[in-house]
Amino acid sequence: MPEPGRAALRLEVVMGALSDPLRMRIVRTLLLESEAFDHTCGWFGFDRPKSSLTHHFRTLREAGLIRQRQYGLERRSHVRVDDLEARFPGLLALVADWEG
């Protein structure tokens with residue numbers, strides 16, 4: 001699935017993706033409660049239509065915050081910790097500490 005490379009990550013795009021409280025919650029949950037690639041979007045328990053969740057996960061992926069892999073009919077996600085820490089040191093610590 002398309003995602004920017006490490007060198008192409010842009011702070012304004014990443015921050016724009018994180019400006020939505022639901023997307024911030026997704027990233028924070030993946031950081032604090034998830035194993036790599038082990039949860040689908042249904043695991044989060046959000047009461048949202050699948051199309052809405054697809055949009056939010058796509059926005060996060062296209063901004064470079066998450067990487068997704070396809071497993072059959074499911075997509076599983078994880079945060080691109082190494083890439084984000086290399087480009088924006090400390091950003092993920094702020095997300096992890098956020099209590100919106």
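Guide: Let's start at Arg67, which is partly exposed at a relative accessible area of 26%. On that scale, buried is under 20% relative accessible area, exposed is over 50%, and partly exposed lies in between (1.4 Å probe, protein chains only). Bear in mind that this is a predicted model: local features need pLDDT of at least 70, side-chain atom pairs count only at pLDDT 80 or more, and totals for chains, interfaces and linings use all residues. Residues are numbered from 1 along each chain as its sequence is written, and side-chain values use heavy atoms, with hydrogens and water left out.

The side chain of Arg67 pairs with that of Glu3 in a salt bridge, 2.5 Å from N to O; the term calls for a side-chain nitrogen of Lys or Arg within 4 Å of a carboxyl oxygen of Asp or Glu. That pair ties together distant parts of the chain, 64 residues apart: Arg67 belongs to strand E1 (residues 66–71), while Glu3 sits in the segment before helix H1 (11–18). These labels come from DSSP runs numbered from the N terminus, with helices (H or I) at least four residues long and strands (E) at least two. Glu3 is also partly exposed, at 27% relative accessibility.

Arg67 has a salt bridge to Asp83 as well, at 3.7 Å from N to O. Here the partners are 16 residues apart and again in distant parts of the chain, with Arg67 in E1 and Asp83 in helix H4 (residues 81–87). Asp83, though, is buried, with a relative accessible area of 13%. Step back and you'll see one network, in which salt bridges with shared partners join Glu3, Arg6, Arg67, Arg80 and Asp83. The structure holds six salt bridges, and one of them brings Arg10 and Glu12 together at 2.1 Å, N to O.

Ile66 lies 5.4 Å from His78, C-alpha to C-alpha, though the two are twelve residues apart in sequence. His78 is part of strand E2 (residues 74–79) and is buried, with 18% relative accessible area.

After H3 comes Gly64, with a positive phi near 95°.
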